[in-house]
Amino acid sequence: MATLNITYDGLSADVPMEMERYISDADVRRIAVELVRSGGVPGLHRIHLGEDAFQHYVVDRFRGDHGEERIYLRPKVPFGAR
C-alpha cells in the first residue's frame with residue numbers, strides 16, 4: 001500500500017493506492033489524471049482535466065517511519081532554480 005499525495009490548483013490531498021510493483025513517474029502522472037477526473041481525490045474533482053495536466057510536475061518518493069511508501073506529485077517550484 002502506498003499513499004499518493006496530489007497538489008493541484010492550490011489544494012493537496014492524499015489517496016491510498018494498491019501497488020504490487022514499482023510504477024514509473026509517467027504512470028504516477030497518468031494515474032493522477034484518472035483519479036482527479038473520476039472524483040477519486042477528495043476536493044480535487046476536475047472532470048475536464050487535460051491528459052498533460054501533470055506533465056511538468058515533480059514526482060517525489062519517500063518511505064515513512066514504518067516503511068510505507070509515500071509518493072508526492074507536485075508542481076515544480078522556482079526556489080533554488082537557476
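Read along the sequence, the chain follows the pattern β-β-α-β-β, with one helix and four strands in total. The radius of gyration is 13 Å, close to the 12 Å that the globule rule gives for 82 residues, so the chain is as compact as a globular protein of that length. The model is predicted.

**Strand pairing**

- Strand β1 (residues 2–8) and strand β2 (residues 11–17) run antiparallel and are joined by seven bridges.
- Within this pairing, Ile6 of the chain stands opposite Ala13 in β2.
- β1 and β2 form a hairpin with two residues between them; in the turn, Asp9 has a positive phi of about 55 degrees.
- β1 is also joined to strand β4 (residues 69–74), here by five bridges, and these two strands run parallel.
- Asn5 stands opposite Tyr72 in β4.

**Dimensions and contacts**

- Taken along the principal axes, the box filled by the C-alpha atoms is roughly 35 × 35 × 20 Å.
- Of the contacts in the chain with a separation of 6 or more, 46% are between residues 24 or more positions apart.

**Burial and surface**

- Of the 82 residues in the chain, 27% are buried.
- The accessible surface of the chain amounts to about 5,600 Å², and carbon and sulfur atoms contribute 52% of that surface.

**Charge**

- The chain carries 11 positive and 13 negative side chains.
- The centres of these two sets lie 6 Å apart.

Technical notes. Residues numbered from 1 in each chain as written. Predicted model: local features only at pLDDT ≥ 70, side-chain atom pairs only at ≥ 80, totals over all residues. Heavy atoms only, no water. Pairing = 2+ DSSP bridges. Rg over C-alpha atoms; globule rule 2.2 N^0.38 Å. Buried < 20%, exposed > 50% of the residue type's maximum accessible area, 1.4 Å probe, protein only. Contact = heavy atoms within 4.5 Å. Areas by Shrake-Rupley, 256 points an atom, 1.4 Å probe, with all protein chains shown as cover. Lys, Arg positive; Asp, Glu negative; His and termini not counted. Charge placed at Lys NZ, Arg CZ, Asp CG, Glu CD.
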